[in-house]
Amino acid sequence: MAQKRKTSGTDSKPTAVRRIIAKYGGQTRAIIPILQDIQDRERWLSSQVLEEVARELDVPLAHVYSVATFYKSLSLEPRGRHICTVCMGTACHVRGGTAILEHFERRLRIRAGQTSPDREYTLERVNCLGACALAPLVVADGRYYSQMTESKANAVLETLGRRSERPHRNPSGAGRRR
Ligand code: FES
């Protein structure tokens, strides 16, 4: 059964984590949306944040870590403001996915799995996004771009660059890590 959040008599100003937990009534069963909301806000889940969630929900830290590591949309490392995901599944690979990934790596000056030093971009590779007919496929900030080419990739990056010039909440991908 879900537990209500324990309140601390010494709590002062509510932190962002506490506000998010309060939004879900302090329910431990809401741990996934709680972590997702924190991730949306912070772009990642630091060890301090996970400790605070465990403390506030009164659950073992190991449980919070197990949830945070299970879901692919949750990251224990800093992520960029923009997430570019290049599919490297079989269909995308045979239709030029490798060249597309290398093009993104060159343009962003990072390798797949890395985040740019300014935390603007994270580049990821995945094995099949489930839309093989659209190969080669790239997902940028949650939007699918089919039949990707290098010139289309340049246009996508230009669009993302323009978005960086205004306030933006980082969308997160969905799905489990395994
Ligand atoms: S292999 Fe890329 S979407 Fe399936």
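Helix axes here are lines fitted to C-alpha atoms over the stretch in contact, and the angle between two of them runs from 0 to 180 degrees between N-to-C directions. Keep that in mind as you open this predicted model.

**First stop: two helices.** Select α1 (residues 16–23) together with α3 (residues 47–57); their axes lie 10 Å apart and the helices pack at an angle of about 45 degrees. That angle makes α1 oblique to α3. Turn the view and you will find that the crossing of α1 and α3 is right-handed. Now show side chains: on the α1 side, pick Val17, Arg18 and Ile21, which meet Val49, Glu52, Val53, Glu56 and Leu57 of α3. Colour this contact by residue class, and you get five nonpolar residues, three charged and no polar.

**Second stop: a cis peptide bond.** Move on to the loop between β2 (121–126) and β3 (138–140), where proline 136 lies. Zoom in on the bond from alanine 135 to proline 136: this peptide bond is cis, with omega near -10 degrees.

Next, select aspartate 141, in the loop between β3 and β4 (143–145). Aspartate 141 is not a glycine, yet its phi is positive, at about 50 degrees. Is aspartate 141 buried or partly exposed? It counts as partly exposed, because it has 19 C-beta neighbours inside 10 Å and buried would take 20 or more.

Finish at glutamine 147, in the loop between β4 and α6 (150–163). Here again a residue other than glycine has a positive phi, near 40 degrees. Glutamine 147 has 13 C-beta neighbours inside 10 Å, so this residue counts as partly exposed; exposed would require 12 or fewer.

Technical notes
Residues are numbered from 1 along each chain as its sequence is written. This is a predicted model: local features need pLDDT of at least 70, side-chain atom pairs count only at pLDDT 80 or more; totals for chains, interfaces and linings use all residues. Helices (H or I, at least four residues) and strands (E, at least two) are DSSP runs, numbered from the N terminus. Angles under 35 degrees count as roughly parallel, over 145 as roughly antiparallel, 65 to 115 as roughly perpendicular and the rest as oblique. A crossing is left-handed if the near helix is turned anticlockwise from the far one by less than a right angle, and right-handed if clockwise. Two residues are in contact if their C-beta atoms, placed from the backbone, lie within 7 Å. Ala, Val, Leu, Ile, Met, Phe, Trp, Tyr, Cys and Pro count as nonpolar, Asp, Glu, Lys and Arg as charged, and the others, Gly among them, as polar.
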